[in-house]
Structures are given as structure tokens and as C-alpha cells.
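Keep the structure open as you read.

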Amino acid sequence: MCAGARGSPVRRVPPGASGVPHARSAPVRRQHRLARVPVRFAVRGRADIDVSVRAGVRRVGGVPYAPGDRGAITTRPGAVAPAPGGTAAPSHPFGRTRTGGGGAEEPRGSRVRCGAGPSGPSFRSPAHPIRTRTRTARGAPAVNVAYRHSGFAVTEHTLDVPLDHTRPDGEAITLFAREVTAAGREDEDLPRLLWLQGGPGHRAERPDAPGAWLRRALRDHRVVLMDQRGTGRSTPADRHTLAVHPDAAATAEYLTHFRADSIVRDAELLRRHLAADGEEDRPWTVLGQSFGGFCVLTYLSLAPEGLEKAMVTGGLPSLTAHADDVYRAAHARVLDHNARYVGRYPDDRRRMDEIAAHLAERDVRMPTGERLTVRRFQTLGITLGAASTFDRLHYLLETAFVPGARGPELSDTFLRGVESAVSFAEHPLYAVLHEAIYAQGGRPTAWSAHRVREEFPAFDASRGGPLHLTGETVHPWHFEEDPSLVPLREAAHLLAERTDWPPLYDLDRLADNRVPVVAAVYHDDMYVDREHSLRTAAHVRGLRPWITNAHAHDGVRVDPGVYDRLSAMTRGEV
């Protein structure tokens, strides 16, 4: 999403700026105004919204629900009716039928340094061994598996990539990825699928706790789980590692290289590395969840030649909105989810008010020693947008109070659960870069979520009235109250005031997109605005959205049917 005014032109990414080649010559710059294409819907009965859009955008009205509840939306006369589920449909208009394939790796005990070009410079080092793949007599890859468990065969890859892709000979950081296959199929020449994790600042899923999508994807693919730069086993970025920089300005400058554009360029170097040693440089499929979907749109903008097809779940961003527009819409959705929550658990309204009053009167410390303030307690609302955590909040709140020497006290069980949910210790980049993922176009984000929240007095606990939980927002005071963020406070302020962010999306290229793209748009998504998503879907040539209220934001993780539906859409079967 863009930090410029809505409808303002977005500067094109210069061809070759990252060394990632463009698939075609740059078109003439032109200004885009994203389309609004309304189609009205009426609410009836109790079934799913289940709409796959082949062209244009359908505007969908709101249906109150809590994750797991289902309403129904049917088209009114004159609207385009959704296709029945399972009905055969023509193949993708671009007629792409290529398949990806296996690849070869550098020898064991080696480490690859990748430049930005198709075959960047390399050097050898005994550190960080890379598992090797050789060829069998029939040409299928024979994999030296790192380990096996739970029906998975896992191979590990480590390579060096430029910190700044415009300076391929400059400072390098480490990129780590796991390649997972179904046990017994590791020597098959399967096409690859890259999972782009939500976030920002979250490591890739681990095979010991796979989402529902993973086992389903392994029927047809080798799945690559890449730890995005700064996370997991890639070079980490936290208060310890960032302390090596001489000052906050240097830290902030370093962190500018951890957005979607750098993640995509890393992915391209990884893709080429996996197809090394003379093998065909074949594109792969990408599946982007939430922020991973933002990365997919950046991938389509920077390096579409690397993509066979793309799937997005709960992650079509606005291409031009400023962060203020994003959070203004988000705050309203969070209030709706508060209402749904207390509608399901009405007694929790009183319980949350009692907890807030207790925190306002006493200095309550979590097991880590951090003080739990009312405003930090309110951030538990981030759990309201996912089916896997919506109800979990209720079972945490019911453990809140125990008898104490001075009367009721907040239990250690409760405080430990709150600390786990509200701390950024495991993913500090999420806090530092959360607003920067929307920054382009010459305007600072300037603590957008914090400023815009003033327009919603219901979130102000000091005004009295029922307490409302907040959503996916980061505030300046987080860098005063969370020990994992305190050392990054000055750098975070510098990033919030920065204005020279490069563009993340190429509107011309997206309007002329040639890669098959499908997207699940969750009708009542708390984290990603539906209307922003549908305007983006209308702009990207050939993108087919599936609008559904049968799932919350984490649908692809909890129900393999989400992956099945999107995969069928890419094949033209739905």
C-alpha cells in the first residue's frame, strides 16, 4: 500500500534496479485510478458467501458474524450470479500450462553468495552446510534429506544474499529455507511452491506445527518454507543483533532493507539457487498469506517471470492507499469484532471492565517483570480476527482472578497468557516495520495507527464506558513498555518519519499482468480491508477473487478446503 495520496501516480521501479530482470520492456508511465465496480447483494438464509469473480469487482455488503458463524449472500436481480461450486469453467485466459520442477544445489559443506543477477558471484565457505541434490539415472533429483518426521522429508538451504539488492557486492546477510516433501516422494521431480509467510517479521511455518494447507500442497509440490530476512534462521534482526550499529540512524537505514521488495528479490535468488547446475530456470508457484499476499503483489511487480502462478489468502493490499486510510478502515472493523465477541460471550464485557479497573489501580507485573497497563491489555484484541484464537480469548479471561491476601488478584496463569499474546519478543520486526509495509509515495506514516485512533473514542479507556480491545496496531508507547522494543525506540521514530520509501507496486505491470492469480478475500477479515482488496483485484489483469464468509483470516491454516479451492481456480476447474 502506498503512502501517497489516493489516486496519485506511483513511481515505476527502474528496470534492473535490483538486478532482477524485467520480463518485458517498461511501458509508458500512466496514472491509474483504481476502479470501484459495485454489485449489490442481499442477505438470505444461512449458507456461505462463495463467489469466484472472473472479471471486475463485486462489492459485497457486510454480514455480522464471529469466525465460524455463517451468513448468506445471494445476488439481487441484475447482478452477476456466482458460479455454482464445482462447476467446470474455462481454463485461465492466459493459457499457461508450464510446470516447475526440481533443482540442483551447491555441494555439501558449501555456502552460496548470490548477487542480484541471474548468476551472481559465489564463494566457498565451510560454514552453514547446504544439503545436496544429485541426479538419478532417470533424471529425477536424489535428495540428501536433513531429517524426517511426521510424514515429511526436510532438506535445508542456506545462502548469502545482498543486504541492499542495488549493491550486490556490498554487505551480505544469510537467507535460510526448508524444502519439504512428502516422505517417499523426495526423489520425484515435483514442481516447487514457495510459501510467503504473514507478518511482517514472522519466520516461516515449521513442519512440526503445519497449517492445513501444507499437507495438501505436498500432494503436488515440493514446498519451500523461506525464513524471510530478519527472522528465524535467516540473519536475525532484533535488539541484540541491531546493537552492532553505531546509532539509531544507522539502525533505521539497515531496517529499510527488510520490506517486501527485498523479500521478493531474496526469493528470486533462492529460486535460481534451487535450479542451479545447468538445470532449467523454471518459475514456481507462490502462496502468500496475509502480508505474504502483499509480497505476492510486489513479486508480480518486480519479477513476474519467476512465477508460474500465484495464490493469495487474506492478503490483497491496497496499491495506493496511505497508512491512514488503512488504519481508519481497520479501527472500524475491530470495533465490529468487539461487538461479535461480546455477542458470543456477553459476560466477558463485565470481566474485561473489571480487569481494566484492577490494572488502573495497581502496578501489576507479568512473569517477565513488565508492567501490564490497561492499554497493553487492550491489545489482546489482535486475537479477535482469527478462528484459531477468537474463542481462546474467552478461556484466557476466565482464568483472570484468584483470591489473594489483599482481595482478588490477577492469576499467574492469566498474566502468562497475556504476556505471550502481547509481547513482541519473538517478532520485533513486526512492530518496527508494521506501518512501513504501507509506505510509498513521499509521505511518512508518522505513527498512523496511533494518530487515527483518536478518531475512535470508544478505544479510550480513560473516557469510561465499556472497554474495547484494539487490533493489529503498533503505537509509540510499545517502544516504552515492551523490553524487546525499548532499544529500538529511536530507530522506530526515524522510520515513522521517513519519506523516501521506494514504491512496492508497479501499477502498469499489474494492469498488464500475465501470471495466473487467484485470491481468497475473506468477507469479514479484521486485518485486511475487503474493499481495498476488491479494488486491487479489479486492477490486476486476470486476477480472480473468491469472496467468502465461511472463513476468518487464518482460513488457509485451519481448513485444507481453502487451498483446494484456490488450486482448482488456477486450473480453471472452478
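Q: In which sense do strand 16 and strand 17 pair?
A: The model is a predicted one. Strand 16 covers residues 517–522, and five bridges join it to strand 17. In strand 17, I547 is the bridge partner of V521. The pairing sense is parallel.

Q: How many residues of strand 17 are buried?
A: Take the two faces in turn. In a regular strand the side chains alternate between the two faces of the sheet. On one side of strand 17, R544, W546 and T548 are buried; on the other, P545 and I547 are buried. The strand is therefore largely enclosed by the rest of the structure, and its buried count is five of five.

Q: The side chain of D529 reaches the backbone nitrogen of which residue?
A: D529 sits in the loop between strand 16 and helix 16. Its relative accessible area is 16%, so D529 counts as buried. D529 touches A329 and R333, leaving aside residues up to four places away in sequence. At 3.0 Å, its side chain reaches the backbone nitrogen of H532.

Q: Which side chain joins that of K309 in a polar contact of 3.4 Å?
A: K309 lies in strand 13, residues 307–313. K309 is buried and has no salt bridge: E308, the nearest side chain of opposite charge, is 6.7 Å away, while the cut-off is 4 Å. Beyond four places in sequence, K309 touches residues including W284, V286 and V515. The polar contact is with T570.

Q: Is S423 buried or exposed?
A: S423 is in the loop between helix 10 and helix 11. Its side chain reaches the backbone nitrogen of A425 at 3.0 Å. S423 also touches R376 and D482, not counting residues up to four places away in sequence. With a relative accessibility of 10%, under the 20% limit, S423 counts as buried.

Q: How many residues apart are R376 and D482?
A: Their side chains meet in a salt bridge, 3.2 Å from N to O. R376 belongs to helix 7, and D482 to the loop between helix 13 and helix 14. R376 is buried at 0% relative accessibility, and D482 is buried at 1%. The pair links distant parts of the chain, with a separation of 106 residues.

Q: Which residue forms a salt bridge with E156?
A: Side chains of opposite charge can pair when their charged atoms come close. E156 is buried, with a relative accessible area of 12%. The partner is partly exposed at 43%, and the closest N and O atoms are 3.2 Å apart. The residue is R233.

Q: What N to O distance does the salt bridge of E205 and R557 have?
A: E205 lies in the loop between strand 10 and helix 1, and R557 in helix 17, so the pair ties together parts that are 352 residues apart in sequence. E205 counts as buried at 9% relative accessibility, whereas R557 is partly exposed at 26%. The distance is 2.7 Å.

Q: What is the count of salt bridges?
A: Some residues are linked in a network: E268, R271, R272 and D281. The count of salt bridges comes to 36.

Note on methods. Residues are numbered from 1 along each chain as its sequence is written. This is a predicted model: local features need pLDDT of at least 70, side-chain atom pairs count only at pLDDT 80 or more; totals for chains, interfaces and linings use all residues. Side-chain values use heavy atoms; hydrogens and water are left out. Helices (H or I, at least four residues) and strands (E, at least two) are DSSP runs, numbered from the N terminus. Buried means under 20% relative accessible area, exposed over 50%, partly exposed in between (1.4 Å probe, protein chains only). Contact means heavy atoms within 4.5 Å. A polar contact is a pair of N or O atoms within 3.5 Å; within protein, one must be able to donate a hydrogen and the other to accept it, and residues adjacent in sequence count only if both atoms are side-chain atoms. Two strands pair if DSSP finds at least two bridges between them. Lys and Arg count as positive and Asp and Glu as negative; His and the chain ends are not counted.
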